[in-house]
Amino acid sequence: MSMIIGNKTKNTIQMKNLKLVLLLLVAALASCSQQPQITWVSTTDSNRWDTMDISGTQTSGLSEIVIDINTRNQQQTITGFGGCFNEMGWEALSWVTPEEKQQILNDLFDTENGCKFNLCRMPIGANDYAVDWYSLNETEGDFAMENFSIDRDKKRLIPYIHEAQRINPDLKVWASPWCPPSWMKHNKHYACRADAKVNDLAPELSSMEELVSRFITEPEYFKAYALYFSKFVQAYESEGIPIVAVHVQNEPNSAQNFPSCVWKPQDLGILIADYLGPQFKKDGIETEIWLGTIERPQIERVDDVLQYKNTMDYVKGVGFQWAGKGAIPEVHKKYPEMQLMQTETECGDGSNDWKAAEYTFSLMKHYFENGANAYMYWNMVLDETGKSQWGWKQNSMISIDSKTKEIVYNPEFYLMKHLSAFVQPGDVKLAASGNDENTLAFYSADTNEVKVISYNEMDKSRVLKLNVDGQVYQAELDAKSFNTLVVSL
């Protein structure tokens with residue numbers, strides 16, 4: 001009997017010990033499951049897109065970058081990232097094999113492994129990276145737009161966009177004109193500035209960059225131009241490309257030797273409030289109207305448009321590029337509910353080097369810190385020269401050598417991907433404090449993730465110490481490296 005009792009006692013103790021072990025194991029697993037998961041990708045000039053292991057961080061003797069982030073300190077909602085569909089980009093893509101072309105497009109638009117571009121720009125008619133000058137109606141005096149046509153676009157721009165749509169069906173496209181049909185301008189020419197090297201504009205018809213409209217500001221021209229916009233949106237809709245927004249004029253203050261048109265700000269207000277807005281309403285067009293793309297720092301030029309009559313009833317946002325970066329802080333402060341967009345990254349001189357990426361990151365920091373909802377690169381793809389038909393060189397994310405057909409992914413490709421592959425539409429910008437001059441932070445409520453991009457500008461390694469809602473994480477950043485860290489809370 002005592003042996004039976006002893007065995008029962010022994011078995012009871014064993015069961016209790018087993019339960020205790022199981023409870024400890026469950027607690028340990030629960031504790032592990034609550035530990036944040038961290039994804040970390042790093043890029044230097046010599047090592048691109050390396051997946052890093054945060055557990056291997058060594059911190060002794062290194063200077064620190066200390067960033068404090070509170071996920072309740074939320075700012076603007078992000079709408080997306082992208083570039084511009086330009087004719088010369090499509091031409092460059094035609095030089096490589098179909099497989100290589102597909103890979104490039106996947107790297108830009110694929111929503112799993114690519115840059116995940118979701119919001120891209122296109123020109124209405126020719127821009128400086130068109131193959132040559134054209135508009136969608138060069139028939140002088142055709143105020144009824146009977147000869148309006150997008151047939152030219154079916155050769156390059158529309159196929160380019162369709163290929164991107166096949167990869168990302170949710171891609172959104174917005175558009176802007178560089179120049180109206182030439183017959184709608186006083187000088188009857190696409191350019192505003194004479195340049196014998198690249199255009200045939202007579203010097204006496206050259207414009208200065210004063211605030212005098214080169215568009216013919218008469219009612220029949222305004223009305224015809226509003227109809228031109230309407231027909232453009234409807235024609236692209238019929239091609240399966242909804243245009244989500246139009247920005248009324250690329251760089252309205254700049255007299256260029258390529259397609260351009262200088263506008264007096266009040267005349268842009270007239271175009272929007274008296275003609276374009278009512279035309280879209282009459283035609284049942286839901287495409288947004290934006291004041292863009294602003295390339296000068298004076299906020300009064302923005303005010304003169306937005307404060308004309310009922311322009312604000314139609315304008316949904318303001319777009320900025322180049323020196324327009326000087327205006328965005330005051331516009332954001334004065335119009336806090338207005339959507340703001342960076343519309344064209346400053347495109348360099350064809351160097352496609354690390355310094356260009358460093359400068360572009362400084363632009364990203366400036367625009368997002370001053371309320372921008374989106375960031376646009378310019379030429380996604382160009383040839384090795386980056387040279388336009390009007391004589392100047394620019395950078396691109398990807399270069400294709402016209403002779404050897406070599407494909408090169410430039411540093412700015414990786415920089416764009418460091419944001420666009422992680423920061424998704426609907427994420428919010430977070431306010432950060434501390435040593436944050438080279439850091440941006442975002443938060444996704446859908447996934448409960450904090451996404452941080454940080455640049456170590458020094459020539460030696462530094463430790464990034466993130467304090468996220470009271471939890472500290474640290475990573476050793478390589479010298480001169482862009483880093484994206486995603487913390488799953």
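This is a predicted model: local features need pLDDT of at least 70, side-chain atom pairs count only at pLDDT 80 or more; totals for chains, interfaces and linings use all residues.
Local features need pLDDT of at least 70, side-chain atom pairs count only at pLDDT 80 or more, and totals for chains, interfaces and linings use all residues. Residues are numbered from 1 along each chain as its sequence is written, and side-chain values use heavy atoms, with hydrogens and water left out.

Colleague: Is Glu344 buried or exposed?
Modeller: Glu344 lies in strand 10 (residues 339-344). Strands are DSSP runs of E, at least two residues, and helices are runs of H or I, at least four, both numbered from the N terminus. Buried means under 20% relative accessible area, exposed over 50%, partly exposed in between, with a 1.4 Å probe and protein chains only. Relative accessibility is 5%, so Glu344 is buried.

Colleague: Which side chain has a polar contact of 3.0 Å with that of Glu344?
Modeller: A polar contact is a pair of N or O atoms within 3.5 Å; within protein, one must be able to donate a hydrogen and the other to accept it, and residues adjacent in sequence count only if both atoms are side-chain atoms. Contact in general means heavy atoms within 4.5 Å. Leaving out residues up to four places away in sequence, Glu344 touches Arg121, Trp178, Asn250, Glu251, Phe320, Gln321, Trp322, Met376 and Trp378. The 3.0 Å polar contact is with the side chain of Trp322.

Colleague: How many of the 11 residues of helix 4 are buried?
Modeller: The buried residues of helix 4 include Leu157, Tyr160, Glu163 and Ile167. Their cover includes helix 2 (87-93), helix 3 (98-109) and helix 5 (219-238). Helix 4 (residues 157-167) is largely enclosed by the rest of the structure, because its buried count is 8.

Colleague: Which ring lies under the charged end of Lys417?
Modeller: A charge sits over a ring if NZ of Lys or CZ of Arg is within 6 Å of the ring centre and within 35 degrees of the ring normal. The charged end of Lys417 is 4.7 Å from the centre of the ring of Trp49.

Colleague: How much space lies in the largest cavity?
Modeller: On a 1 Å grid over the protein atoms alone, a cavity is a set of points where a 1.4 Å probe fits but cannot get out; lining residues have an atom within 4 Å of a point. Points are joined across faces, edges and corners, and a volume is the space filled by probe spheres set on them. The structure has 3 cavities of 30 Å³ or more. The lining of the largest includes Pro252, Trp263, Leu291 and Arg301, and its space is about 50 Å³.

Definitions and conventions: On a 1 Å grid over the protein atoms alone, a cavity is a set of points where a 1.4 Å probe fits but cannot get out, and a pocket is an open set with protein on both sides within 12 Å along at least five of seven lines; lining residues have an atom within 4 Å of a point.
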